[in-house]
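Hi everyone, thanks for coming. Let me put a structure up on the screen, and then we can walk through it together.

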Amino acid sequence: SAYTNKTMNFHSGEVSTVTIEPAADDEVRQTIAVMGGEDWGMWIDQLQEAGVLADGATTVAYSYIGPEITHPIYKDGTIGQAKNDLEKTAISLNDQLKPQGGRAFVSVNKALVTQSSSAIPVVPLYISALYKVMKEKELHENCIQQMYRLFAGHLYNGGEAAADGSHLIRIDDWEMREDVQAEVMRRWTELETDNVP
């Protein structure tokens, strides 16, 4: 369904309301093809068929879910359909790799400013508020710090990978802390063009 919320024009600094219309069926199919798990599955299949995939290999896809404010985009919307496909692929690949001691996961990471995410209405404004709050709470990680925590704390920690019941590794845990989200949402309700800086 259509989703309406705040966004910001980063060229003018203007905060406004935007409505994102639902995608057509073909757009949903295309999004799943680009962001889902099909290419990942084909890649692992090819490596196995060629006999070049090491025993005990680990493969990880990166994803994002975010809080309720981004769910209409990242969880319930078109991108969410692709993420569901990616998560199903991880479970399938994990079963496929298990006989050789391998494993597959989806790592749900903290919100990240990319060329793609900056073009999605609502998201850049949310990330701006999030990063400010996380820096104030001394929880902010840059990309390398976050990946180090993924590898050292979850994937190669000397034990089982710390995955949830859906086979997801949640390194978005600091972003999703209740105190962080409460403060981001408090600021979100107050964000206007004149106070966004």
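**A buried arginine and its partners**

Let's begin with Arg149, which counts as buried at 13% relative accessibility. Buried here means under 20% relative accessible area, exposed means over 50%, and partly exposed is in between, using a 1.4 Å probe and protein chains only.

Before going on, a word on the source: this is a predicted model, where local features need pLDDT of at least 70 and side-chain atom pairs count only at pLDDT 80 or more, while totals for chains, interfaces and linings use all residues. Residues are numbered from 1 along each chain as its sequence is written, and side-chain values use heavy atoms, leaving out hydrogens and water.

So what does Arg149 meet in a salt bridge? The partner is Asp173, at 2.9 Å from N to O. By salt bridge I mean a side-chain nitrogen of Lys or Arg within 4 Å of a carboxyl oxygen of Asp or Glu. Arg149 sits in helix α6 (residues 143-155) and Asp173 in the loop between β5 (168-170) and α7, so the pair ties together parts that are 24 residues apart in sequence. Asp173 is partly exposed, at 33% relative accessibility.

Helices and strands, by the way, are DSSP runs numbered from the N terminus: H or I of at least four residues for helices, E of at least two for strands. The chain has seven helices and five strands.

Now to a second pair. Glu136 forms a salt bridge with Arg187, with the closest N and O atoms 2.5 Å apart. Glu136 belongs to helix α5 (residues 123-136) and Arg187 to helix α7 (residues 178-190), so this pair links parts that are 51 residues apart in sequence. Arg187 counts as buried at 17% relative accessibility, whereas Glu136 is partly exposed at 49%.

Staying in helix α7, Arg186 and Glu183 lie three residues apart, about one turn of the helix. They also form a salt bridge, with N and O atoms as close as 2.6 Å. Arg186 is partly exposed, with a relative accessible area of 39%, and Glu183 is buried at 19%. Salt bridges that share partners join Glu136, Glu183, Arg186, Arg187 and Glu190 into one network.

Finally, let's step back to the whole structure. How many salt bridges does a search find? It finds 10. Of the 197 residues of the chain, 42% count as buried, and the C-alpha atoms fill a box of roughly 60 × 40 × 30 Å, taken along the principal axes.
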